[in-house]
There are 2 protein chains.
Amino acid sequence: MTGESDCLLCPMRQLSIFAGLTIEDLSPLGMVVEDIHLPAGATLYRQGENARYAFTLRSGAMKLSVHRRHQDENRIVRLLRYGDLLGFEGLNQARLHYQHTATALDASDLCLLDLTALNRLSEDRPKVRQALIGRWQSALEEAEFQLVEIGAGKAEACVAAFLCHWCRVFPDGAWVPFPIERKELADYLGFSAAHVSRVMADFKRNGYVKESGKRINIQYIPLRRIAGA
Amino acid sequence: MTGESDCLLCPMRQLSIFAGLTIEDLSPLGMVVEDIHLPAGATLYRQGENARYAFTLRSGAMKLSVHRRHQDENRIVRLLRYGDLLGFEGLNQARLHYQHTATALDASDLCLLDLTALNRLSEDRPKVRQALIGRWQSALEEAEFQLVEIGAGKAEACVAAFLCHWCRVFPDGAWVPFPIERKELADYLGFSAAHVSRVMADFKRNGYVKESGKRINIQYIPLRRIAGA
DNA sequence: CGAGTACTTGAACCCATTCAACTTAGGTGG
DNA sequence: CCACCTAAGTTGAATGGGTTCAAGTACTCG
């Protein structure tokens, strides 16, 4: 399930917070980095638990969700993929607990980073510091994407915007991994599972997208028409 | 309209990113800080403009909004008050432009901070760095509050959650400045102005809240009942 | 191949939108 | 200081989109 690994050999390093660091930067740091493998559905950490580690997602997909106070449903606040960093709220010394529950949507590989070591590293290395600031910024932008593009408007437009956003890093027309159930998509978008299902079914009937197994393929989504209606 | 000021004498310093710094820390930095005063409705900066300065809000209230691509309406992504920092997206070197449009909801005083100087300062002073990380964290938490408590559910519950959140830093039962129009509240919550007005009017009729001029007074909001319904 | 889970679909209901009319509040000039 | 004027807030009625709940269908995994 877990084991040690060498960051210097990591094929993902260019995308990670250690990108741009040389061997001289990294090797003497003595940062122990562990590999973690999670099966689909497994929980990595829970909201409120002591935050001692951050994680880098190397493959698979995860969701961050929060328990709503007066409601039984869970709201999904972020979806993560290849290269994303999670659990770093503990870097802010005032936040000693995880703010979300992290669950694997699909079988996932992560590496574990000790937060105190990471903190020390960011003190010493401006590049790491910049990289971390960048992660904070993207987390914020992702949240604002959700607010702006998804938080209001008709369901069709929200689903369409999300699908385009989800597939944005892949070439047009590619078959993109899509390990997200209707219920989860609904929790993320703020609609009922039934209605999300309706919209997705319509999109498929209209030939906007295709689905096969846990992959999706965007053919052509008439964003203009959907938003304008 | 503008003038220089001395951070060391600022009555807000304990709340600001310079909190915890001594005179020795601050005085030799040569950071020029300017005072800015804005009348209600004035725009401080616009989405897409070159980001050279961050700002600290010393009094009044502001909103950050984004223009929606396929929509004419603007979505409000954050509301700011006393002590809040805005415009710091430029600290991330990859973001040279403001991500939002900043507009004064009320007559407001701010101080202007040069971003490059602020960057230098955060390199040298761990306390400033920590304070900035804290600001990033609160921006993120604020966005997630909006997602979780306000982005889904019945309008009554959203309005109630927002009002409690807005008044949280004041003592219970206090008259709290509330320079937010129905239309703006609607843009923030993602409802129509008409419906927000209806809900607010109901709340007032039921004695949950009182309004007078640009101030509000929460008497008692039965959150449990509203959310449970 | 069977069982359980996810997905789809229908119908009734409910909440929010829309648009328009009306009321209130705040500000300006006489 | 009052009368007017404008912008903001309130309210009603009709419409429409989304939820809910339940039934039926299609996967997927063992």
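Me: In which sense do strand β5 and β6(A) of chain A pair, and over how many bridges?

Reply: Terms come before the case. Strands (E, at least two residues) and helices (H or I, at least four) are DSSP runs, numbered from the N terminus. Two strands pair if DSSP finds at least two bridges between them. Here β5 of chain A, residues 62–67, pairs with β6(A) in the antiparallel sense, over six bridges.

Me: What should I know about the model itself?

Reply: The model is predicted: local features need pLDDT of at least 70, side-chain atom pairs count only at pLDDT 80 or more, and totals for chains, interfaces and linings use all residues. Residues are numbered from 1 along each chain as its sequence is written, chains are lettered from A and ligands numbered from 1 in written order, and side-chain values use heavy atoms, without hydrogens and water.

Me: What is the strand order in the open sheet of chain A?

Reply: The order is β3-β8-β5-β6, four strands with antiparallel pairing. β3 (43–45) and β6 (74–80) of chain A each have a single partner strand, so one side of each lacks a neighbour in the sheet. Neighbouring strands are turned by 30° against each other on average, direction ignored.

Me: Which helix packs on the sheet, and at what angle to β6(A)?

Reply: Contact means heavy atoms within 4.5 Å. Axes are lines fitted to C-alpha atoms, for helices over the stretch in contact; angles run from 0 to 180 degrees between N-to-C directions. Helix α5 of chain A (182–189) touches β5 and β6 of chain A, and its direction makes about 100° with that of β6(A).

Me: How many residues surround DNA strand D?

Reply: A residue is near a strand if one of its heavy atoms lies within 4 Å of it. DNA strand D has 16 around it; among the closest are A:His195 and B:Arg205. α6(B) gives the most to this surface, six residues.

Me: Which side chains have polar atoms by the phosphate oxygens of DNA strand D?

Reply: A polar contact is a pair of N or O atoms within 3.5 Å; within protein, one must be able to donate a hydrogen and the other to accept it, and residues adjacent in sequence count only if both atoms are side-chain atoms. For A:Ser192 the distance to a phosphate oxygen is 2.9 Å. For A:His195 it is 3.3 Å. For B:Arg182 it is 2.8 Å.
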